[in-house]
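This report is for a reader new to the structure.

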Amino acid sequence: LMPPLERILASGGTLSRTPRPGYAVLALLDAVQPTGVATIVLDPYNLTATVGAAMSTLPTASVHVLESGSFVSLGTVVCPVGRAKAGKPILHLRLERDNGEVTEGTIRFGQLVVIPMGPAVNGRLLLRPERSIDIGFGGPGKAGTVRVFGSSLGLVVDARGRPLLLPRDPERRRDLNHKWLWDIGAMD
């Protein structure tokens, strides 16, 4: 399994030109299969290498580029690790937005859930996993709180399991992929 990552920085034309942020996030969730809590950031202009090269000679310019809005936050992802029966509750969450709005819910194994959080909305996310589920707070069953920031897509909870297991039957696999695209908001 992938070790927990704080940020996932992605670039490239394929990800930058998707019609909706959900396509890029789902592609990265399926390819990287992150664990725990991470933020997915997109570099649509392929500035990462240039900023890295300029840091030693022009550190101030590099900071300006990083703060310019050239990098796009696609979303915060929560990826629990562990196995359970499909549909079994594995994670309870409480999102307290800075504007006072609260969202609470239970995530079930196999779900892919998006909670919208526009770019100007920030908040505090409390995560309480079931005993056998690890979300990166020190082991299975350990709860924790993390600060989350608004983004293009919002907060994504990927409870499909790690490693991601796909059905062998091509028709079931196609239907499942279609459902995931729908769940993440990549389809109307």
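## Strand 3 and its partners

Val37 has Val78 in strand 3 as its bridge partner. The model described here is predicted. Strand 2 and strand 3 run antiparallel and are joined by seven bridges. Strand 2 covers residues 36-43, and strand 3 covers residues 72-79.

Strand 3 also pairs with strand 9, residues 154-158, this time in the parallel sense and over four bridges. Here Gly75 stands opposite Gly154 of strand 9. Of the eight residues in strand 3, six are buried, so the strand is largely enclosed by the rest of the structure.

Thr35 belongs to the loop that lies between helix 2 (21-32) and strand 2 (36-43). Is Thr35 buried or exposed? Its relative accessible area is 5%, and because buried means under 20%, Thr35 counts as buried.

The side chain of Thr35 reaches the backbone oxygen of Met2 at 2.8 Å. Setting aside residues up to four places away in sequence, Thr35 touches Leu1, Met2, Pro3, Pro4 and Leu5, and also Cys79, Val81 and Arg162.

In soluble globular proteins, nonpolar side chains tend to be buried together. The largest nonpolar core of this model has 21 residues, and those that touch the most other members are Val25, Leu29, Ile40, Val77, Leu112, Val156 and Ile184. At least two residues of this core come from each of strand 1 (7-11), helix 2, strand 2 and strand 3. Helix 2 gives the most, with five residues.

What does Leu29 contact, leaving aside its neighbours within four places in sequence? The list includes Val77, Leu112, Val156 and Ile184, which are also named among the core residues that touch the most other members. Leu29 is in contact with Pro34, Cys79, Asp158, Arg160 and Arg162 as well.

## Helix 5 and the residue after it

Helix 5 runs over residues 170-183 and has 14 residues. From its first C-alpha to its last it reaches 20 Å, close to the 20 Å expected at 1.5 Å a residue.

Gly185 follows helix 5 and has a positive phi, near 85°. Ile184, one of the residues that touch the most other members of the largest nonpolar core, is also a contact of Leu29.

Terms used: Residues are numbered from 1 along each chain as its sequence is written. This is a predicted model: local features need pLDDT of at least 70, side-chain atom pairs count only at pLDDT 80 or more; totals for chains, interfaces and linings use all residues. Side-chain values use heavy atoms; hydrogens and water are left out. The expected span of a helix is 1.5 Å times one less than its number of residues. Buried means under 20% relative accessible area, exposed over 50%, partly exposed in between (1.4 Å probe, protein chains only). A polar contact is a pair of N or O atoms within 3.5 Å; within protein, one must be able to donate a hydrogen and the other to accept it, and residues adjacent in sequence count only if both atoms are side-chain atoms. Contact means heavy atoms within 4.5 Å. A nonpolar core is a set of buried Ala, Val, Leu, Ile, Met, Phe, Trp, Tyr and Cys residues joined through side-chain atoms within 4.5 Å. Two strands pair if DSSP finds at least two bridges between them.
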